[in-house]
Amino acid sequence: MGAGFSIQAKDSVRALISSTTDSLSSAEKKIADKIISTPIAMVEANISEAAELCGVSEATIVRFCKHIGYSGFYQMKLQLSHDIGQTQRGASGSSGKDASSGQKQLMQIADRIQGLAQHLNIDSVKRFAGCINSASIIHVLGCGLSKTLASDIIMRLNNYGIRAVGAGEYISEVTDLMLASENELLLCISKSGETRRVIGAAEIARSRGLKLLALTGVDKSPLSKIADLTLSAGISPEDAPDSNVYLMSAIDCIFTYIVPRCDLSDRLEMVISDSRM
C-alpha cells in the first residue's frame, strides 16, 4: 500500500469500519455512515468538503481515520478509491489481469450511456437549455471533480458568446452570487447532490432571486429539492466510479439546445495561437 499506512492492503475501509463500529464516537459514526452510503462523494471531497458532508469538524475526520487504522484522511481516501475500483471490476465480471478487461469496461460504459439516453427527458433538457439561453450571466459551480465539469461548461458557453463565470476559489464564487441580479442564473453540478458547499451557494442564489439549475448523478437529493430544475444522469452506486462520463454526456445533450449569441472560438484561437510551438 505504500508508506503511511498502518494496516494491511487486504483490509477494505468498509471492513475496518465494521470492526471498529462499537468503539466509534457518535461524530465518528456520522463519518462511517457517509462513507458507506456515498463513498464516491467522500473520495472526491477534500478534507474540508468531507467535514461539511458529514456535519463534523476536520479534526474529527482526522481522528476517525486514525481510529480505524490510517495515518490520515488522504491515506484513507486512497484505500477507499481502491475499494471502489475492486467493486467495479467485480461487478463487470472481469479480472484486472484479463487483457480484455479495458475493452469490457468501455463496452459497459457505452451500454450505460445508452441507458442515459432513455433516462433523460428531452423536454426537461430543452427547458434546462432554455433557462441558460434566457439568462444574462451563468454562474457555474462544482466542487471536487465536478469543478472540471464546471470549467468545461464555462469555456463552451463563453465560446458561444454567453457570459459564464465560476470554477474559481469558492469564496470568490459566493461573493459573485451575493452581487448577482435576478436575471442571472446559477448552475450547480454535484454527483451526489449533497455537497454542502454547493447547497450553500444554491441557497445564496435563491435568496438573490436567481434561477437555480442542478445537474446531478442521482434522481433525488437535497440539491434537487431546492433547484428550479434538475437534470439527473440516474447513476446507481455501482456506476459511480465513471459517473463523470455520464454527466459529460448529459452536458453534451444540453449544448445541443444552447443558442449561440456569437461565436468567439475563432477569435480566441487567434489570441492563444502565439503561445503554441
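**Exercise 1. Helix α7**

Which exposed residues does the face of α7 turned away from its buried side carry? Then check the length of the helix and locate its buried residues.

*Solution.* The model is predicted.

Step 1. The face turned away from the buried side carries Q103, L106, M107, D111, Q114, A117 and Q118.

Step 2. Now take the buried set. S101, Q108, I109, R112 and L116 are buried in α7. They cover an arc of only 100 degrees around the axis, which puts them on the same side of α7.

Step 3. Recall the geometry. An α-helix has 3.6 residues a turn, so residues three or four places apart point the same way.

Step 4. Check the length. Helix α7 holds 19 residues, 101–119. At 1.5 Å a residue, it should span 27 Å. Its end C-alpha atoms are 27 Å apart, which agrees.

**Exercise 2. Rings around F255**

Classify the aromatic pair of Y160 and F255, then find the charge that sits over the ring of F255.

*Solution.* 

Step 1. The structure holds one aromatic pair. Its members are Y160 and F255.

Step 2. The ring centres are 5.8 Å apart, and the planes make an angle of 75 degrees. An angle over 60 degrees counts as edge-to-face, so this pair is edge-to-face.

Step 3. Y160 is in the loop between α9 (146–159) and β2 (164–166). F255 is in helix α13 (residues 243–255). The pair links distant parts of the chain, 95 residues apart.

Step 4. Compare accessibility. Y160 is partly exposed at 27%, whereas F255 is buried at 8%.

Step 5. The charged end of R156 sits over the ring of F255, 4.2 Å from its centre.

**Exercise 3. Salt bridges**

How many salt bridges does the count come to? Trace those of E194, E52 and R156.

*Solution.* 

Step 1. The count comes to five salt bridges.

Step 2. E194 and K34 meet at 3.3 Å, N to O. E194 is in the loop between β3 (185–190) and α11 (196–207), and K34 in helix α2 (residues 26–37). They are 160 residues apart. E194 is partly exposed at 26%; K34 is buried at 16%.

Step 3. E52 bridges to R197, with the closest N and O atoms 3.5 Å apart. E52 lies in helix α4 (residues 47–54) and R197 in helix α11, so the bridge ties together parts 145 residues apart in sequence. Both are partly exposed: E52 at 23%, R197 at 22%. The charged end of R197 also sits over the ring of Y170, 4.9 Å from its centre.

Step 4. R156 bridges to D152, closest N to O 3.4 Å. Both lie in helix α9, four residues apart, about one turn of the helix. R156 is partly exposed at 25%, and D152 at 33%. Shared partners join D152, R156 and D252 into one network of salt bridges.

Terms used
Residues are numbered from 1 along each chain as its sequence is written. This is a predicted model: local features need pLDDT of at least 70, side-chain atom pairs count only at pLDDT 80 or more; totals for chains, interfaces and linings use all residues. Side-chain values use heavy atoms; hydrogens and water are left out. Helices (H or I, at least four residues) and strands (E, at least two) are DSSP runs, numbered from the N terminus. The expected span of a helix is 1.5 Å times one less than its number of residues. Buried means under 20% relative accessible area, exposed over 50%, partly exposed in between (1.4 Å probe, protein chains only). The arc is that of the directions from the helix axis to the C-beta atoms. Rings of Phe, Tyr and Trp (its six-membered ring) pair if their centres lie within 6.5 Å; planes under 30 degrees apart count as stacked, over 60 as edge-to-face and the rest as tilted. A charge sits over a ring if NZ of Lys or CZ of Arg is within 6 Å of the ring centre and within 35 degrees of the ring normal. A salt bridge is a side-chain nitrogen of Lys or Arg within 4 Å of a carboxyl oxygen of Asp or Glu.
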